[in-house]
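Have the sequence and structure open as you read.

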Amino acid sequence: MRLSTLIKDLGIISLQGTDPEIKGISSNSEQIREGYLFVAIKGQRNDGHRFIEETIKRGAVAVVLEDDILPRVNFPLIKVKNPRLVLARIADRFFNHPSAKIQLIGITGTN
C-alpha cells in the first residue's frame with residue numbers, strides 16, 4: 001500500500017520525501033525489514049527517535065515521528081503530534097480495518 005494512502009487525513013504537521021510502497025509497519029526498530037514504515041514513539045525507557053538511523057539501515061522506507069530531526073534528501077519523514085494514535089490508524093488501514101469484521105455480542109445479568 002502506498003504511504004500517501006496510509007497517512008491521508010491523519011493531521012500531518014509536515015511531510016517530506018517520496019511516496020514509497022509500504023510492506024509492513026512497526027514501532028519496534030528490531031522488527032523493521034525492507035520496505036517497512038517505522039513509527040518513532042517515546043516510551044518510559046526508550047525514545048524511538050534514537051533508532052531512526054538504525055531502522056533506515058534495516059530497510060525502512062519512511063518514518064513517522066514527533067520530534068524535529070535533520071532532514072534527509074528524498075526520504076519520507078512524516079511529522080505528527082501523536083505518533084501512537086497515528087500508528088493505530090495506519091495499522092487499521094494497512095490491515096483493511098480488521099475490527100470492522102468482528103461481531104460483538106454483549107450479555108449482561110445478575111445472580
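This is a predicted model: local features need pLDDT of at least 70, side-chain atom pairs count only at pLDDT 80 or more; totals for chains, interfaces and linings use all residues.

Q: What makes the rings of F94 and F95 an edge-to-face pair?
A: Two values settle this one. The ring centres of F94 and F95 are 4.9 Å apart, and the pairing limit is within 6.5 Å. Their planes stand at 85°, where over 60 degrees counts as edge-to-face, so the pair is edge-to-face. The count comes to 1 aromatic pair.

Q: Why does G43 count as partly exposed?
A: The relative accessibility of G43 is 42%. Buried would need under 20% and exposed over 50%, so G43 falls in between and counts as partly exposed. You will find G43 in the loop between β3 (36-39) and α2 (52-58).

Q: How do you know that β4 and β5 pair?
A: Pairing takes at least two bridges, and 3 bridges join β4 (residues 62-65) to β5 (residues 77-79). The two strands run parallel, with V63 opposite L77 in β5.

Q: What makes β1 and β2 the edge strands?
A: The open sheet of 5 strands has the order β1-β5-β4-β3-β2, with mixed pairing. β1 (14-16) and β2 (24-26) each pair on one side only. Neighbouring strands of this sheet are turned by 15° against each other on average, direction ignored.

Q: Which strands does helix α3 lie across?
A: Helix α3 (residues 83-94) lies across β2, β3 and β4, and runs at about 155° to β2.

Methods:
Residues are numbered from 1 along each chain as its sequence is written. Side-chain values use heavy atoms; hydrogens and water are left out. Rings of Phe, Tyr and Trp (its six-membered ring) pair if their centres lie within 6.5 Å; planes under 30 degrees apart count as stacked, over 60 as edge-to-face and the rest as tilted. Helices (H or I, at least four residues) and strands (E, at least two) are DSSP runs, numbered from the N terminus. Buried means under 20% relative accessible area, exposed over 50%, partly exposed in between (1.4 Å probe, protein chains only). Axes are lines fitted to C-alpha atoms, for helices over the stretch in contact, and angles run from 0 to 180 degrees between N-to-C directions. Contact means heavy atoms within 4.5 Å.
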